[in-house]
Amino acid sequence: MKRDGSTISLWQTESFVPSPITLSNSYDVIIVGAGMTGVNTALMLQKTGKKCLLVEAFNLGFGTTGGTTAHLNTLLDTPYSSITKNFSEDAAKIVADAATGAIKLIEQNILNYTIQCDYKSAPAYLYAQDEKEVSALDEICESGKKVGIDMNYISTLPITVPFAKVLKVEGQAKFHPIKYLIALASEFEKIGGHILTDCAVQDAEQNQNTITVHTSRGVMNCLKIVYATHIPPGINLLHLRCAPWRSYAISVKLNNDQYPGALIYDMKDPYYYYRTQVIDEEPYLIAGGKDHKTGDVQNAWVLFTKLRAHVETIFDVKEITHQWSSQYFESADGLPYIGVLPGKTDSFYVATGFGGNGMIYAHVAAKELTNLITNHESQFDNLFSPSRIKPIAGFANFVDHNKDVVKHFLGKYFSVETLEVLAEIAPGDGKVVKMDNAHVAVSKDMNGKIHAVSSVCTHMKCDVNWNNAEHAWECPCHGARYSMDGKVLTGPASHNLEPVKLNEAVETN
């Protein structure tokens, strides 16, 4: 299975080939993006009797789903104490119930469709190591209990690290995300759903009661459209309310077979997280962390080294089997945006801003979007509405993210690099250089060939930066990602970077 990066995740040995289809003239709903959100939403809508088409620019699981660490938890990245403070205690209860319901939905799908995805229930452990962390942990425990999450303090931890306090949370789980995703996609096809891969959606426009969808494989029509692309394409208010982040993960074989059965988290910022996954009767420790805003780290490859060094302080590491990074989008106020796309009619829907809880919120989104499209009512009191306005909740994050956006808009005018740096670019590396008063994104593949494209992101005209771990150009403003030759890997951009022709004399090792 292909993924939106050059590194290989633990899940990529699985793949899915859609059944041949004859495209209809029109669909009730077109769902864009065949990750966990898109496939779940398509299946649920098809089961209600809607005629659905699932469209994917690459292949099933190409984006974040193929790079997740697949924690299924009600212990969310945004604590219930923060949700209570920024929204209300009732809102925190709604979120807790939604997260619990997502795990129940996964269990029900596995039972209904007899899915072999190595699903297993497991407790979670959150541990504090100093006084400040203990205080934050107390808030998490108190607020979690108030909203019905089964959590209590205990005196032990499944791994050998120093700790001051440990919170154990019941009712969590883990699984193989791609095996699960493939099974749902197969069920979608069985009940008449259509899947079209290698088809990029370029634009969608409202024409009276019909939406005309322009794609790389022709024009299609539908009544409703759902953007399950992790961030909607085009230019939208949500791009100012969502900050793109990358997280790093490794899968590890241990010398002593002391694989923890639980989900484990520390309270650092960013935090480290660990769990075990058994695949074909072989256990793998999965560890993650080192998160940063997309495009803000010049040498991303070294983060794998640092992550491994950290893991080796806790576990007896035999070998690293896989290492990869993945992208997620964090909303300004900590809750996802699920519903009608701002600035559009109620025929356009979106789900984004899941933070590090993508597997949970994907299922929450599928239920909410299905309900909105079929019943036109929110089952969550509009708490997740993309058009919500909270003048206090998330305002600091909103300002902080958009200060970075402005910086990258303006910073492109002050580059002093010249054409001579091309000779210094190592294979597998890339730089933005100034040439003839223009900024050019130049990279060199492992064969020494130079690739040159415009450094200007096609989304909102920020300059891209190079990620040397994934061999990709990344926009630090809104998270668009491109291959060496400028092809879109991750939205919100829907157009490739413009190619730049360099003199053949420059293209040398």
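## Exercises on a predicted model

In this predicted model, residues 24 or more positions apart account for 69% of the contacts in the protein that have a separation of 6 or more.

**Exercise 1.** Determine whether the radius of gyration of the protein agrees with that of a compact globule.

*Solution.* Begin with the chain length, which is 509 residues, and for which a compact globule would have a radius of gyration near 23 Å. The protein has 22 Å, which agrees with that expectation. As a further description of its extent, the C-alpha atoms fill a box of roughly 65 × 55 × 50 Å along the principal axes. Finally, buried residues make up 58% of the 509 residues, while the protein exposes about 21,000 Å², of which carbon and sulfur atoms supply 50%.

**Exercise 2.** Classify His 239 and Asn 25 as buried or exposed, and place each in the secondary structure.

*Solution.* The cut-offs needed here are under 20% relative accessible area for buried and over 50% for exposed. His 239, found in helix α6, which spans residues 238-241, has 1% relative accessibility and therefore counts as buried. A polar atom of the His 239 side chain lies 3.5 Å from the backbone oxygen of Gly 234. Asn 25, by contrast, is found in the segment before β1 (27-32), and because its relative accessibility is 72%, Asn 25 counts as exposed.

**Exercise 3.** Describe the setting of Lys 290 and of His 376, in each of which phi is positive.

*Solution.* The background is that most residues other than glycine have a negative phi. Lys 290 has phi near 60 degrees and lies in strand β14, residues 282-293; with a relative accessible area of 22%, Lys 290 is partly exposed. His 376 also has phi near 60 degrees, but lies in the loop between α8 (358-375) and α9 (395-411). Because its relative accessible area is 52%, His 376 is exposed.

Methods
Residues are numbered from 1 along each chain as its sequence is written. This is a predicted model: local features need pLDDT of at least 70, side-chain atom pairs count only at pLDDT 80 or more; totals for chains, interfaces and linings use all residues. Side-chain values use heavy atoms; hydrogens and water are left out. The radius of gyration is taken over C-alpha atoms; the globule rule is 2.2 Å times the number of residues to the power 0.38. Buried means under 20% relative accessible area, exposed over 50%, partly exposed in between (1.4 Å probe, protein chains only). Contact means heavy atoms within 4.5 Å. Accessible areas come from the Shrake-Rupley method with a 1.4 Å probe; for residues, only the protein chains shown count as cover. Helices (H or I, at least four residues) and strands (E, at least two) are DSSP runs, numbered from the N terminus. A polar contact is a pair of N or O atoms within 3.5 Å; within protein, one must be able to donate a hydrogen and the other to accept it, and residues adjacent in sequence count only if both atoms are side-chain atoms.
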